[in-house]
Amino acid sequence: MRRDGADVGWSLVVPLKPLVRAKSRLSRAAGEHFRPQLALAFALDTVTAALACANVRDVAVVTDDPLAGERLAALGARIVPDAPARGLNAALAHGAEAVRARHPGAPVAALNADLPALRPAELELVLHSAALFPRAFLADAADIGTTLLSATSAAELAPAFGGASRARHLASGAREITAAGVPSVRRDVDTGEDLLAALALGVGPYTARQVPRLAAGGPPGPDGRQPPGVRASGA
């Protein structure tokens, strides 16, 4: 692996809860009927964009959801059962171990599954920066959480996602990636407000197909507004 960030084939690990439990904070904006469908759409758009990224070799999705596993495998992702079943960070560590069991010494990066506006070119820029450090991370749009954590071949991933994970990853010695012009990699979606922000960036086709159904038959957003017209991602 070249440490200048070029010609690196990254293996991405994407964690996904069972859809019945995924994206619980979206219930108010989307309702219980649409929330699992949106969670799946987010993951499909995330993995589609990740697989289209020039410096991504493969994507491993850690999930026990049979429907999500089937749909994501059809895109070309490898499905890794969540054998530890001990939460997000254990799932990510398990996924990284599964990747390196198949590709010893592979550079790995954990990527959130809720990045519906993700653009391959922006992810490529982030991973190019990540290749310069043993461990690196990208903060979310709120500068509180983390959307991507990377580890080159000589480092363990050591994930500390959840809540204020930006501070924990900094404290662990990971370098923060400050690349400009990568809003789609930072825009995870946990709330109705986040969904509106992702729609403003332009979402992928799977999310774009779900949101008009939400606007037509679902509850309004958290401020009483229905979602705006959907703009497709330019990825």
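Trainee: In this predicted model, which residue forms a salt bridge with aspartate 143?

Mentor: A salt bridge places a side-chain nitrogen of Lys or Arg within 4 Å of a carboxyl oxygen of Asp or Glu. Local features need pLDDT of at least 70, side-chain atom pairs count only at pLDDT 80 or more, and totals for chains, interfaces and linings use all residues. Residues are numbered from 1 along each chain as its sequence is written, and side-chain values use heavy atoms, with hydrogens and water left out. The closest N and O atoms are 2.5 Å apart, and the partner of aspartate 143 is arginine 186.

Trainee: Is serine 11 buried or exposed?

Mentor: Buried means under 20% relative accessible area, exposed over 50%, and partly exposed in between (1.4 Å probe, protein chains only). Serine 11 touches residues including Arg57, Asp58 and His103, leaving aside those up to four places away in sequence, where contact means heavy atoms within 4.5 Å. Its relative accessibility is 0%, so serine 11 counts as buried.

Trainee: How far apart are the closest N and O atoms of aspartate 190 and arginine 25?

Mentor: Aspartate 190 is partly exposed, at 22% relative accessible area, whereas arginine 25 is exposed, at 56%. In their salt bridge, the closest N and O atoms are separated by 3.9 Å.
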